[in-house]
Amino acid sequence: MVVFAYAGQSLNRANVPQREGVKMSDEVIRSDKEWKELLTPLQYKITRKKGTEAAFTGKYHDFKGQGLYQCLCCGNELFSSQTKFDSGTGWPSFSDVIAEDRIEKIPDHSLLMTRTEAACYRCGAHLGHVFNDGPKPTGLRYCINSAALKFAVGNKKSQTATFAAGCFWGVEAAFRKIEGVNSTAVGYSGGDFRDPMYQDVCSGKTGHAEAVEVMYDPEKVTYEKLLKAFWNMHDPTTANRQGPDFGSQYRSAIFFHNDKQQKAAIKSRDEFQANLNRPIVTEIVPVTVFYKAEEYHQRYLEKRGAKTCGP
Ligand SMILES: [Zn+2]
């Protein structure tokens, strides 16, 4: 089955990009009778019979919790609260998925319209539709039925860490390999230039660093472990420079989100410094606005099957 993918290429089950070290979701196949038994009548109608809940009636359209949204039917992690936005439509709306292999996009010609259906890649559940009128940088609006989702609570807590360590493509790829990292986004932070584009940041005049926002499950990976990975993935002793990339946008920085992170970052820096001859120049500063980068920068190396930023 041919499926739409917004990166401009078509995806099907055989060539969906696989995250390194992560097994692609196993398919969940159940009979119609089994689904009927497992789900409430409303959940069944929506997820298995492509139904739609009435606007403003679902439990997540106005919900603002921080965490992950899973497929109700199979637990597949689909959306992060980071990308949820208020669309005013009465349905939960997201501008992006956690990873491209989570959702299948299928042309839907029902109701005398041409729309794109969003279905769970693992179990085929109907989730809702995807429209092209979402916010930047994806421009997409995943309009999803609350009844098809399960918000991940309890041990699925999610916390955010933000780092800059040179070209964000490689930094993002390195963090995504760590178990317990639920989702990532690359963007621009630390400067004072509103809504920057990549070209603006490349000029080195925006004050922004290329940064990566990491959402992680603190029960699976600690902030300290993320810090350790951060020190080891770049050279924190070169001011405004990583290898061939130079300019303040490539500076090394830890953008902490709370006092606990600040203390852990300082402690970790001092420990790592003991192994080095030159002083660490990494900034440890409070996080400010994080401007998500253009879609083509997100999971850049993963989309290209590349291992490093180099040519
Ligand atoms: Zn599913």
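Below is a short chat about the sheets, a helix and the cores.

Me: What are we looking at, experiment or prediction?
Reply: It's a predicted model.

Me: OK. How many helices and strands in the protein chain?
Reply: There are seven helices and 17 strands.

Me: And how much of the chain is buried?
Reply: Of the 311 residues, 42% are buried. Also, if you take the contacts with a separation of 6 or more, 67% of them link residues 24 or more positions apart.

Me: Tell me about the sheets. What's the order in the one with β10?
Reply: That's an open sheet of six strands, running β16-β15-β10-β12-β11-β17, and the pairing is mixed.

Me: How do β10 and β15 run, and how many bridges join them?
Reply: β10 (residues 159-165) and β15 (residues 252-256) are antiparallel, with four bridges between them.

Me: Switching to helix α5: which residues are buried?
Reply: Tyr223, Leu226, Leu227, Phe230 and Trp231. Down the axis of α5 they fall within an arc of 140°, so they line one face of the helix.

Me: Why would that spacing put them on one side?
Reply: An α-helix has 3.6 residues a turn, so residues three or four places apart point the same way.

Me: Nice. What covers that face?
Reply: The cover over the buried residues of α5 includes β10, β12 (209-216) and α6 (259-273). Take leucine 226: beyond its neighbours within four places in sequence, it contacts Ala161, Ile178, Val214, Tyr216 and Val221.

Me: Which residues have the most contacts inside the largest nonpolar core?
Reply: Phe163, Val171, Ala211, Val212, Val214 and Leu226, in a core of 38 residues. Elements giving two or more residues to this core include α3 (168-176), β11 (181-189) and α5.

Me: What's in the second core?
Reply: That one is separate and has 31 residues, among them Ile46, Val97, Ala118 and Cys123.

Terms used:
Residues numbered from 1 in each chain as written. Predicted model: local features only at pLDDT ≥ 70, side-chain atom pairs only at ≥ 80, totals over all residues. Pairing = 2+ DSSP bridges. Buried ≥ 20, exposed ≤ 12 C-beta atoms within 10 Å, placed from the backbone. Arc of directions from axis to C-beta. Contact = placed C-beta atoms within 7 Å. Core = buried A, V, L, I, M, F, W, Y, C linked by C-beta atoms within 7 Å.
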